[in-house]
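Biologist: Can we go through this one together? I would like to start with a helix and then look at the packing.

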Amino acid sequence: MKIRFCNGFTKPGFLLVHFEPPSFFAVRSRSLSDSTYGNLCNHKKRPGTGIGLTVQCAIANRRFSSRSLDSPRRERSSRSSSSSGRDRDRDKDKGRDSKSLYSRPSLLDMNKEKAANRAKVYEFLRGIGIVPDELDGLELPVTADVMKERVEFLHKLGLTIEDINNYPLVLGCSVKKNMVPVLDYLGKLGVRKSTFTEFLRRYPQVLHSSVVIDLAPVVKYLQGLDIKPSDVPRVLERYPEVLGFKLEGTMSTSVAYLVGIGVARREIGGILTRYPEILGMRVARIIKPLVEYLEVLGIPRLAAARLIEKRPHILGFELDDTVKPNVQILQDFNVRETSLPSIIAQYPEIIGIDLKPKLDTQRKLLCSAIHLNPEDLGSLIERMPQFVSLSESPMLKHIDFLTKCGFSIDQTREMVIGCPQVLALNLGIMKLSFEYFQKEMKRPLQDLVDFPAFFTYGLESTVKPRHKKIIKKGIKCSLAWMLNCSDEKFEQRMSYDTIDIEEVETDPSSFDMNTLMQPEREEESDSEYEEEEDDDDEEFA
């Protein structure tokens, strides 16, 4: 069938159709009526600017469009061209997809690149002496240059390669995100920059901390324990590990236990300021066993609480490794068991120092200088426990002073055993006291041998006023009767007609445990932060 379209008319008025049946099918001989022919031809206007007609013809129950009526070959050609067009579109899309894969690396490629960069970082660290074995799994800088900047920053803080190897995880801290904010916060608190190096050596984990989440709450908690804001920086410098503790963990339980045994609540701030290590001590493993052992030795719990208030560092003494062995050493040097409580109460450090070498040195020195009987060393320790920490030079100077005053070696030895303080008093004050004794009191030297504690009394405050009253009243008495009593007791004695020898206290150096159990005066508590100085070797004022 051939269809001719007549175009170009302004208003199409007619359509010529010449029907020629295809040769590949038979056409029925009967003619088609006009109505039938009208049903076979449908006219449809195509969208667009021009005028076009589409003719559909139904022949032998089959429908053909005007585009496919020319030949089946054209239909197949059209389907083939359409299919090839779709294939070309798919190829174009495939090409675009392929090009996009190359523009965005695959996950495998990214992992390979990351591993290669990490290998370069490890190579750099090994080149400067850092062992990166513990850094596997830790997020590190992408390039070796960034890692170099991080290492240089740590060097500026004073940390060495050895320090970094001791805690290599510090290399996982970003300079801008971690290190700088933490150090700025510590500086604003008042922690001195000169202490940063030691601070980070002791607690490098602080560089991993969040200022808001980790550090600030701990500082606020410390202030809540009555540690003054001005003392907080010194506390952190002395014990930086406190920044890593949980607020409701060890810190709270240790403080609660101390208050429970009798430590005054108002003293807690001062105690923690002087010895913040208490905040990291476990009650059941450290504090409680030591307190209970002191009770076994004869020191009441309340007395132990007073010792902690005055010398909180005694809680740091190792019970099994130091305290118990030292108690046994004292007994080995002829210290009586009944004297142990007073010795510890007077000088708690004696149970925490390296005791045996000190005692061996003191015994050897005094045996050589004043022919001390080794068995008398225990008596000497009982009277003045601090004797164990005296240096050789001061002791020899005092012994030389006594011998120059006219005392024999035997008399000097007797004085030292009776009052070991004569080995540690201020030599200038001793000289003034001896001059007054010799020129004004005009007593024999034996009086000083019998009562060497004379040198321990204040010349202007005690010795001179009482001596003048004794002279005025015309009483002859021993130095012990005149001096070894309180001012109130002395005034009572001045009213006596006779001297009662029984009132003389024979051992002025004895220690009363009840005095230790008295609470501290208010003005002496909660003092400003001061570093405790080891003044055991200093002369007594």
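Biologist: Which residues in α12 are buried?
Modeller: Keep in mind that this is a predicted model. In α12, the buried residues are V283, I287, L290, V291, Y293, L294 and L297.

Biologist: What do the buried residues of α12 pack against?
Modeller: They pack against four helices: α10 (250-261), α13 (301-310), α14 (319-332) and α15 (340-346).

Biologist: How far apart are the end C-alpha atoms of α12, and what span should its 15 residues have?
Modeller: The end C-alpha atoms are 20 Å apart. At 1.5 Å a residue, helix α12 (residues 283-297) should span 21 Å, so the two values agree.

Biologist: Where is the kink in α12 centred?
Modeller: The kink is centred on P289 and is about 30°.

Biologist: And what follows α12?
Modeller: G298 does, and its phi is positive, near 115°.

Biologist: Changing topic. Which residues touch the most other members of the largest nonpolar core?
Modeller: That core has 139 residues, and L171, L243, I381, F387 and F454 touch the most other members. Helix α12 gives the most to this core, with seven residues. As a general point, nonpolar side chains in soluble globular proteins tend to be buried together.

Biologist: Take L243. What is L243 in contact with, leaving aside its neighbours within four places in sequence?
Modeller: L243 is in contact with L186, F199, Y203, V206, D214, L215, V218 and L236.

Biologist: Now the rings. How many aromatic pairs are there?
Modeller: The count comes to six aromatic pairs. In one of them, Y239 and F245 have ring centres 5.9 Å apart and planes at 50°, so the pair is tilted.

Biologist: Is Y239 buried or exposed?
Modeller: Y239 counts as buried because its relative accessibility is 10%, and the cut-off for buried is under 20%. F245, at 25% relative accessibility, counts as partly exposed.

Biologist: What about F454 and F455: how are their planes set?
Modeller: Their planes are at 75° and their ring centres 5.6 Å apart, so this pair is edge-to-face. Both F454 and F455 are buried.

Biologist: Which residues do ring pairs link into a cluster?
Modeller: The cluster holds F407, F434, F437, F454 and F455.

Biologist: Last one. Where is S433, and what is S433 in contact with?
Modeller: S433 is in helix α20 (residues 427-441). Leaving aside neighbours within four places in sequence, S433 is in contact with F454, F455 and L459. S433 is buried, with a relative accessible area of 1%.

Methods. Residues are numbered from 1 along each chain as its sequence is written. This is a predicted model: local features need pLDDT of at least 70, side-chain atom pairs count only at pLDDT 80 or more; totals for chains, interfaces and linings use all residues. Side-chain values use heavy atoms; hydrogens and water are left out. Helices (H or I, at least four residues) and strands (E, at least two) are DSSP runs, numbered from the N terminus. Buried means under 20% relative accessible area, exposed over 50%, partly exposed in between (1.4 Å probe, protein chains only). Contact means heavy atoms within 4.5 Å. The expected span of a helix is 1.5 Å times one less than its number of residues. The bend at a residue is the angle between axes fitted to the seven residues ending there and the seven starting there. A nonpolar core is a set of buried Ala, Val, Leu, Ile, Met, Phe, Trp, Tyr and Cys residues joined through side-chain atoms within 4.5 Å. Rings of Phe, Tyr and Trp (its six-membered ring) pair if their centres lie within 6.5 Å; planes under 30 degrees apart count as stacked, over 60 as edge-to-face and the rest as tilted.
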